[in-house]
Amino acid sequence: MASGKTHDWMTLALLPSVWLLCRWQFNLPMEESILIIAGTFIGGFFLSPDLDIRSRPFYRWGFLRFIWWPYQWAIRHRSSLSHGIFWASWLRLLYLTGVLTLLYCLGSLWLQQRGWLPPTHPLQEAREFLHAHLHELLWLGIGLWIGALIHILLDWLSSAFHSKKRRR
Ligand SMILES: [Zn+2]
């Protein structure tokens with residue numbers, strides 16, 4: 001398995017190629033290309049498949065890293081739920097959205113009970129926010145998926161390389 005540092009460098013090294021693909025291969029508009037590039041970076045540095053262990057991306061979450069404890073508890077390292085090609089990064093995005101919505105609602109209700117916020121419906125607000133930004137989330141998600149793909153391919157390559165070395 002490649003080290004966290006190698007994963008970071010590979011993500012950075014491939015960002016220009018991802019940008020060129022977006023702009024010149026797929027002729028995507030500027031906004032969507034920026035979202036994809038941002039997603040690729042976040043997918044490599046913060047929403048990496050290695051969130052299933054105490055990895056560099058996990059520690060980058062700082063005091064918010066508790067968000068990933070249930071994820072690590074539920075998902076085995078390098079299982080298809082974290083390192084699968086098609087759905088794993090969408091699952092992480094869904095998980096994060098769910099947890100952030102929950103935290104927002106709980107925080108908002110707590111502040112309302114103390115009278116520090118006027119009464120509102122936080123869940124409905126969160127739903128409206130997500131609905132209004134669905135387009136951006138989708139393009140960001142494609143970027144996250146590319147960032148995870150870079151990670152997974154590097155894991156595969158490094159496993160293949162090491163098993164070949166061991167067989168010699
Ligand atoms: Zn990995």
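This is a predicted model: local features need pLDDT of at least 70, side-chain atom pairs count only at pLDDT 80 or more; totals for chains, interfaces and linings use all residues.
**Entry 1: terms and model**

I number residues from 1 along each chain as its sequence is written.

**Entry 2: the whole chain**

I looked up the secondary structure and found eight helices and zero strands in the protein chain, where helices (H or I, at least four residues) and strands (E, at least two) are DSSP runs numbered from the N terminus. The C-alpha trace spans about 70 × 40 × 25 Å along its principal axes. Of the 168 residues, 23% count as buried; a residue is buried if 20 or more other C-beta atoms lie within 10 Å of its own, exposed if 12 or fewer, and partly exposed in between, with the C-beta atoms placed from the backbone. I then checked the contacts (C-beta atoms, placed from the backbone, within 7 Å). Among those with a separation of 6 or more, residues 24 or more positions apart account for 66%.

**Entry 3: α2 against α8**

I noted that two packed helices are described by the angle between their axes and the distance between the axes. The axes of α2 and α8 come within 6 Å and cross at roughly 45°, the axes being lines fitted to C-alpha atoms, for helices over the stretch in contact, with angles that run from 0 to 180 degrees between N-to-C directions. The two helices α2 and α8 are therefore oblique to each other. I recorded the crossing of α2 past α8 as right-handed, a crossing being left-handed if the near helix is turned anticlockwise from the far one by less than a right angle, and right-handed if clockwise. The contact of α2 with α8 holds 14 nonpolar, eight polar and two charged residues, with Ala, Val, Leu, Ile, Met, Phe, Trp, Tyr, Cys and Pro counted as nonpolar, Asp, Glu, Lys and Arg as charged, and the others, Gly among them, as polar.

I followed L35, which lies in α2, and it counts as buried because it has 22 C-beta neighbours inside 10 Å. Leaving out residues up to four places away in sequence, L35 touches E136, W139, L140 and G143. L35 and L138 are 103 residues apart in sequence, yet their C-alpha atoms are 9.1 Å apart in space.

**Entry 4: α8 itself**

The 34 residues of α8 should span 50 Å, and the end C-alpha atoms are 49 Å apart, which agrees. The buried residues of α8 include L140, G141, I142, L144, W145 and A148, and its buried residues pack against α1, α2 and α6.

**Entry 5: α6 and its partner**

I made the same check on α6 (residues 88-113), whose 26 residues should span 38 Å and whose end C-alpha atoms are 37 Å apart, which agrees. Its buried residues are A88, S89, R92 and L93, and they pack against α2 (30-45), α5 (80-83) and α8 (134-167). The axes of α6 and α8 are 8 Å apart at an angle of about 130°, and that makes α6 oblique to α8. This crossing of α6 past α8 is right-handed. On the α6 side I listed A88, S89, W90 and L93, which meet G141, L144, W145 and A148 in α8. By class, this contact has six nonpolar, two polar and no charged residues. After α6 comes G115, whose phi is positive, near 75°.

**Entry 6: two loops**

In the loop between α1 and α2 I found N27, which has a positive phi of about 50° although it is not a glycine. N27 is exposed, with 8 other C-beta atoms within 10 Å. L28 is found in the loop between α1 (4-25) and α2 and counts as partly exposed, with 18 C-beta neighbours inside 10 Å. Beyond residues up to four places away in sequence, L28 touches C22, R23 and S33. L28 and W145 are 117 residues apart along the chain, and their C-alpha atoms are separated by 17 Å.

I also looked up R78, placed in the loop between α4 (69-74) and α5. R78 is not a glycine but has a positive phi of about 65°, and with 17 C-beta neighbours inside 10 Å R78 counts as partly exposed.

Methods: The expected span of a helix is 1.5 Å times one less than its number of residues. Two residues are in contact if their C-beta atoms, placed from the backbone, lie within 7 Å. Angles under 35 degrees count as roughly parallel, over 145 as roughly antiparallel, 65 to 115 as roughly perpendicular and the rest as oblique.
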